[in-house]
Amino acid sequence: MCGVFAIYSSQGVPDIETKLRCGATALQHRGPDGEGFYWSDDKTVGLAHRRLSVVAPSAGQQPLHNEDRTLRAVVNGEFYDDQLLRQKLESDSHRFSTRSDSELVLHLYENHGVNCLSFLRGEFAFVLWDEERRRLFAARDRFGVKPLLYCRRESGELMIASEAKALFAAGVPAKWDHAAFSFASSAQYLPSNRTLFADIQMLPPGHFLLARGEQVDVKSFWIIPEFKFDRSMDSQSIMDACRQRTEDAVNCRLRSDAKICFQLSGGLDSSSVAGIASRILSEPIDVFSICFPESSYSELDVAKRTASFLGANFHEVELTQSQLLESLPVAVRASEGLSINGHVAAKYLLHREIQRSGFKVVLTGEGADEAFFGYSHLRIDVWNLQGIETPGQIIEHDLSSMGMMLPCGESIPLESVAEQFGYLPQWISAKATLAHKVHQLLHPDFHGSTNTTDSMEVLFKPYADRHACVSSSRNAWTSLALAGYILKTLGDGTEMPNSVEGRVPFLDHKLWEFLATVDHSVMISLRRDKPLLRECVRDYVTEEVYLRPKHPFDTPPFTVFSGEEGRNFVQDHLRSEAARSQPFFCPKRVANQLDHLTTRPANERQAWDPAIMLVLSTIFLEYMMKQ
């Protein structure tokens, strides 16, 4: 895991060295173990790299180059199956100068050009300069685990970076994108090619960028596979194949010359990853678990029993409300994204503790609910389409998702979205109930300039497919919520500020391509979530975890009903200069709503917590913009 930064202009960049160094310095947290630079003699192109040494720490400094130095690259993330690919390339007369898996991209590109992406497996973002073709090639992994942002300036410069901070440091003005914020205010998420910042775009997951002369093109190289059921496989064959691919996805992510650890909650997903790894590795694994004083939100006891079952070294990270409040502004600025819950601060503090304990790599369970239809909202969509009534216990076990992933309260209009999909996905309906609350807090001038219907239609249109109703909701969630929030804001955005690399076995594209052949009746059950995964990993987890229903990871809501400390925290920031200068929310409206909520029932106060958190995180990003 590292930080990458690049500049390209066919006209040359006179101050290219200064900009490269400024961009790299802004990414130092992503790579505290070293830095490297390259710029062409004509100053047409420059590459900068900040290194977090995970594989081949004594060799593998970047930018990397091929044998005749006609190709140069900077890479963030990991390529798996590298030993097999290396052997094939060496047999084809390629010469490697490092043990780093990052070097694969150079030699694969020599053989296959941009089609090299089909051979790459893992979590990655990279920029490659092709001197002979005089073109810049950049790409982001299939699910968007690693971010890659870019900006085309009026001067003709193209800048690419792992974070917006590097672009700001290199001279891009730090300004809000009002049109992008209109999406966030109505659906929480942005289109996959947008950021909150003016003139800064996000390379979507599974896409690559080619720049040559004045031309810049962005194209897709992978999409979430369509379901094409293999009816020839019986249930045992499906389970065996699924287990093998899950084990392989974990196993290939265990390669590291740095210390590796695991996030562990009380749930199936993280327990499965840790359980498989504990059987593969010869030494006891290290697991980190968050706990809260509020017992209803803490899974500590379950995690401890799982750690004991695995013979793991258990690291307890207890987080108080005071710690979460203190860290929330820092975590939001670090992640460069809006948040709807204090879990962004909890993740930030967890990764800080992981780094302080000497670990550089952490494996997590993210992606399992998308791969195996584990979320309640995805399961409810399937049942609704089949005319099956949702079991009451599904909602009872997922009350913390109300207003965030399950609808709660009044909604903004969604007729156009329902028309696009042929039905109304539960999670989109939930975001519309959140939007109804958020819109009450917006400044009248901004709210009046926003066309909510247009925003929702534009956001969801790429994923609406009447012929694939069951998968369309899942694919929209994976592309928008998973990539844009869970992986970017809560994942990379809290890992890399603490110099920690996250790896996500359940987002292995080979696993997903297999699951696309499995009938939904095997994947989705009325009795329990993720039945296929549960059976596949039953030997790796405790009976308690095997039987336990899903519990989303959220922190106790603290912005509107957690006592004097939480209320003072919110009020102090609402009275700040940043609150007055941000152009979207009206501080007076927010303060009035908070006063109103003090007399309302607890469930209503909790339903408003995500909206208040959006206001707060906007204020914290305003702090960053003014620095």
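Author: Happy to! One term comes first: a residue is called buried when its relative accessible area is under 20%, exposed when that value is over 50%, and partly exposed in between. Please also keep in mind that this is a predicted model.

Now to the helix itself. Helix H12 runs over residues 376-386 and is mostly covered, with 8 of its 11 residues buried. The buried ones are Ser 376, His 377, Leu 378, Arg 379, Ile 380, Asp 381, Val 382 and Trp 383. Here is a general point to hold against that list: an α-helix has 3.6 residues a turn, so residues three or four places apart point the same way. Just after H12 comes Gly 387, whose phi is positive at about 75 degrees.

Positive phi also turns up in residues other than glycine. Glu 336 is not a glycine, yet its phi is positive at about 60 degrees. You will find Glu 336 in the loop between helix H9 (321-335) and helix H10 (343-356). Glu 336 is buried, because its relative accessible area is 7%. Arg 69 has a positive phi too, near 60 degrees, and is likewise not a glycine. Its place is the loop between E4 and strand E5 (71-79). With 47% relative accessibility, Arg 69 counts as partly exposed.

While you are looking at loops, stop at Pro 63, in the loop between strand E3 (45-51) and strand E4 (64-65). A cis peptide bond links Gln 62 to Pro 63, with omega at about 10 degrees. Another loop, between strand E14 (286-291) and helix H8 (300-310), holds Glu 299. Glu 299 counts as buried because its relative accessibility is 13%. Leaving aside residues up to four places away in sequence, Glu 299 touches Ser 265, Gly 266, Gly 267, Arg 548 and His 551.

The largest nonpolar core has 168 residues, and Phe 5, Phe 372 and Phe 460 touch the most other members. Helix H26 (residues 602-626) gives the most to this core, with 12 residues. Apart from residues up to four places away in sequence, Phe 372 touches Cys 242, Phe 506, Leu 511, Leu 515, Met 523, Lys 530, Leu 532 and Leu 533. A second, separate core has 24 residues, including Ala 73, Leu 85, Phe 137 and Leu 210.

Finally, step back to the whole chain. It contains 26 helices and 17 strands. Its radius of gyration is 24 Å, close to the 25 Å that the globule rule gives for 627 residues, so the chain is as compact as a globular protein of that length. Along its principal axes, the C-alpha trace spans about 70 × 60 × 50 Å. Of the 627 residues, 63% count as buried. Among contacts with a separation of 6 or more, 72% come from residues 24 or more positions apart. The chain exposes about 23,100 Å², and carbon and sulfur atoms supply 46% of that area. As for charge, the mean positions of the 65 positive and 80 negative charges are 2 Å apart.

How values were computed
Residues are numbered from 1 along each chain as its sequence is written. This is a predicted model: local features need pLDDT of at least 70, side-chain atom pairs count only at pLDDT 80 or more; totals for chains, interfaces and linings use all residues. Side-chain values use heavy atoms; hydrogens and water are left out. A nonpolar core is a set of buried Ala, Val, Leu, Ile, Met, Phe, Trp, Tyr and Cys residues joined through side-chain atoms within 4.5 Å. Buried means under 20% relative accessible area, exposed over 50%, partly exposed in between (1.4 Å probe, protein chains only). Helices (H or I, at least four residues) and strands (E, at least two) are DSSP runs, numbered from the N terminus. Contact means heavy atoms within 4.5 Å. The radius of gyration is taken over C-alpha atoms; the globule rule is 2.2 Å times the number of residues to the power 0.38. Accessible areas come from the Shrake-Rupley method with a 1.4 Å probe; for residues, only the protein chains shown count as cover. Lys and Arg count as positive and Asp and Glu as negative; His and the chain ends are not counted. The place of a charge is taken as NZ of Lys, CZ of Arg, CG of Asp or CD of Glu.
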